[in-house]
Amino acid sequence: MEVLKEKVEEEEAAEREAEAEKGEKMVREVRKEETTMTPEMLRELEKKLSDIEITVPEKPLVITKDTIDIFKLPWSYRSNTPKEEHLLQVADNFSRQYSHLCPDRVPLFLYPLNECEVPKFVSTTIRPTLMPYPELYNWDSCAQFVADFLAMEPLSDPLKPPSHLYSPTTVLKHQRGNCFDFSTLLCSMLLGAGYDAYCINGYGSQDLCLMDLTREVCPLTMTPKKTVQEKEVAPPKKYAVKPPRDLTSRFEQEQEMKKQEEVKAEEEKRLREEEERLQEAENANIDPLHGLRVHSWVLVLSGKREVPESFFIDPFTARSYSTQDNHFLGIESLWNHKNYWVNMQDCWNCCKDLVFDLGDPVRWEYMLLGTDKPHLSMTEEEEDGLNDDEDVLNEDEDVENLGKEEDDKSFDMPHSWVEQIEISPEAFETRCPNGKKVIQYKRAKLEKWAPYLNSNGLMCRLSTYEDLECTKILEIKEWYKNREDMLELKHINKVTGLNIDYFKPGHPQALRVHSYMSMQPERDRIMEFYETARVDGLIKREETTKTMTEYYQGRPDFLSYRHVIFGPRVKKFTMNSAESNPRPMVKITERFFRNPAKPADEDVEERVFLILEERIQLRYHCREDHITASKREFLRRTEVDSKGNKIIMTPEMCISFEVEPMEHTKKLLYQYETMIQLKNEEKLSRHQVWESELEVLEILKLLEEEEEAHRLKISIYDTKRNEKSKEYRETMERVMHEEHMRQVEAQLDYLAPFLAQLPPGEKLTRWQAMHLKDECLSDFKQRLIDKANLIQARFEKETQELQKKQQWYQENQVTLTAEDEDLYLSYCSQAMFRIRILEQRLNRHKELAPLKYLALEEKLYKDPRLVELLKVFA
């Protein structure tokens, strides 16, 4: 590896020397011709200088000590506990033994420095955390969040692991990190969600390490494979009508098939040549560091969370890969929050032959004893041998004692030094750094935005290109969110000019899909609706310049299809022509579902109104046991002739074909009533077509207004963006503050009655202040005396009434009944209770009155209005 590194450095130095010689040569030429410079020479020199491309290296926004205030970090970030120091000693001893036994392998990535320049063991940097968001409960959503939330920074040295490994909390705060930071954060989230996840230190391809997706196909462009369900073929009937003979030419069919095969072969040849050209271009750009680029990713083992098979996750792109994928070229070690394992298997065939049985010490050397990883792949013979060995160990006492010593030497992993990983709702909603992220794929570009960042609610845009240089756009897909018009997806085909808008349920017109070439009315368009949200059961409406087709479902009149053909308009078309100058209707075709309440011969299947020809054609449903259906045609005429005479119904005005003729259908009265009914239904159909045209204009006008306004809806729980909720909250806070101020002002001012006796605006003198104090105290003293007298008077009154009642009882005791005695006893108990309460109040008042008087006196001396004037008397 060192030899290859020196070779790369020599090649870079040679390139720099060649560029320097080229620059010096041009400078000498300029100096040589400096004396005689003509305008032509100046233009030529300017052209040469403009052809020179100077690349200014951008300064990476890396996380450094200058961007981190270490004094605000917890103590666990800035120091190690004794158990962590012991762990570092164990790791250092393990590293020295590994280097001694495997001198040809690179040093292990065990205890890099954290953001406070303190060495920390890699396993303690992982902090398993279950996020409080249901969206982050599955591995794919967790990986997508990490890939979107963080910005990628390449390793400073692509051949070595980083010297620093920051905590997931710091990485989340700055939203930047390298592959090891990505993997640590993702592994912490997956372990918290219950997955058996591990961080891996290994080697990856150039595209994987540099997050180069220009050779990968965008997942959004891949169409899912449709499962074709085989239709059940009904068994042939015994008595069935033979199909008509196929009179097409077999020779013409063979020639057509040959032409199609030739076109297909030419297309395959073109694609194959293009793939070969691309492969040659890729082979020409062979990575000189192939197999040596250090990369970190996440391994998820099968077992937990019903994972059927182990797989890799690239934290940069959130894509899952098989453990046999060619992007992963080797593994040095892996770890989780419990232990650290070193790969002892040969990676000559990348990771395809690796066995991820972490309980096998031959394949994976673990650092700490007491690993809880069982042997995942063991044969029955190995299990029998293991059982025999266990029996021998149980019989051998020395081996038991040795096992006890080993148990005593086991060392548990200390708890993580990282604080609890927290993601605020604002950060979870914003996702991308600065609210935007751009990913370049093969012939595609994906752009992502945070919610509410764009005024039109745009969340994601996928641009598909025809060439690899991404210059010719084929189509654009835009995803929207939080739109009031419920627009969800807009698909724009730049080649055909076709636009397709997809809406979520909730549109004012129940619109689901709108396909159009132009927003002008009476142009080619297709509108699909949510039939459950419409009263008329309309599913789809197809419109061209001269036709309109509507499809229905679930109507009470069983209408399923209506097709209208329009004629040329007499007057010039304007925006409101559908109402004032509608298009003339030439033909209206309507089809109906089968109505089981009617017989088939009376249930119309298709109805055609030939308006210009004044004819109405009917075709009825066919019976199950018949092969033909009844038909009827009416020649619609005006009810009166040119002279004003009524026209009588004649048999020639109705031409019918009936499978099973019936008597009542042959009568002229029945035919006349049917024709009158059809006339009314024709008027109704024409009116409904006119309403459909008006509805199309209304929808187009509504869509244009929504596109111009593009208002966004805000949840009532979003207190930051919801202006109504914010105004209501501020109003309530203001009302509560005003109420509090009124309560404060409403408190009684003990000096207010006495200050009101003085002239307004006059400054108090010392003697006036003394007089105010004395008056206030004397008034308060009088109130206390009055309250005591009131209680004493009530006490004496209750006592006298009780004495009178007792005297009355003594005088009338002989003549009293039992009820009177009960009333007397209850009165005595209540009177004694009142007297006892009054006595307690009087005693309590006598105890508290002096204290209240002294408290008021002290309060007066401390009153801000009198304190300065009463200092002398204090």
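Colleague: Which residue is the bridge partner of K490 in β15?
Modeller: The partner of K490 in β15 is D501. Please note that this is a predicted model, in which local features need pLDDT of at least 70, side-chain atom pairs count only at pLDDT 80 or more, and totals for chains, interfaces and linings use all residues. Residues are numbered from 1 along each chain as its sequence is written, and side-chain values use heavy atoms, without hydrogens or water.

Colleague: In which sense do β14 and β15 pair, and over how many bridges?
Modeller: Strand β14 and strand β15 (residues 499-503) pair in the antiparallel sense over five bridges. Strands pair if DSSP finds at least two bridges between them. The strands themselves are DSSP runs of E with at least two residues, while helices are runs of H or I with at least four, numbered from the N terminus.

Colleague: What sits in the turn between β14 and β15?
Modeller: These two strands form a hairpin with five residues between them. In that turn, G497 has a positive phi of about 80 degrees.

Colleague: Why is β14 described as largely enclosed?
Modeller: Five of the seven residues of β14 (residues 487-493) are buried, so the strand is largely enclosed by the rest of the structure. Buried means under 20% relative accessible area, exposed over 50%, and partly exposed in between, with a 1.4 Å probe and protein chains only.

Colleague: How many residues of helix α6 are buried?
Modeller: Eight of the 11 residues of α6 (residues 139-149) are buried, so this helix is largely enclosed by the rest of the structure. Among the buried residues of α6 are C142, F145, V146, D148 and F149.

Colleague: What does D148 form a salt bridge with?
Modeller: D148 forms a salt bridge with K448, with the closest N and O atoms 3.0 Å apart. This pair links distant parts of the chain, since D148 is in helix α6 and K448 in strand β11 (residues 444-449), 300 residues apart. D148 is buried at 6% relative accessible area, and K448 is buried at 16%. A salt bridge here is a side-chain nitrogen of Lys or Arg within 4 Å of a carboxyl oxygen of Asp or Glu.

Colleague: How many salt bridges does a search of the whole structure find?
Modeller: The search finds 42 salt bridges. One of them joins the side chains of E681 and R607, at 2.2 Å from N to O. E681 lies in helix α16 (residues 668-709) and R607 in strand β22, 74 residues apart, so that distant parts of the chain are linked. R607 is buried at 10% relative accessible area, whereas E681 is partly exposed at 23%.

Colleague: Which residues are linked with R607 in a network of salt bridges?
Modeller: The network links R607 with R534, D536, R541, E550, R562, E590, E681 and E695.

Colleague: What about E606; which residue does its side chain meet in a salt bridge?
Modeller: The side chain of E606 meets that of R591, at 3.1 Å from N to O. E606 belongs to strand β22 (residues 604-610) and R591 to strand β21 (residues 585-592), and the two are 15 residues apart. E606 counts as buried, at 15% relative accessibility, and R591 as partly exposed, at 36%.

Colleague: Is R783 buried or exposed?
Modeller: R783 is exposed, with a relative accessible area of 57%. Its place is in helix α19.

Colleague: Which residues form the negative patch?
Modeller: E723, E727, E730 and E733 form a negative surface patch. Of these, E727 is found in helix α17 (residues 723-746).

Colleague: Where is E306?
Modeller: E306 is in the loop between β4 (294-300) and β5 (311-314). E306 counts as exposed, at 77% relative accessibility. E306 and Y195 are 111 residues apart in sequence, and their C-alpha atoms are 9.1 Å apart in space.

Conventions:
Patch = residues over 30% accessible without salt bridge, like charges linked within 9 Å, V, L, I, M, F, W, Y side chains within 5 Å. Areas by Shrake-Rupley, 256 points an atom, 1.4 Å probe, with all protein chains shown as cover. Lys, Arg positive; Asp, Glu negative; His and termini not counted. Charge placed at Lys NZ, Arg CZ, Asp CG, Glu CD.
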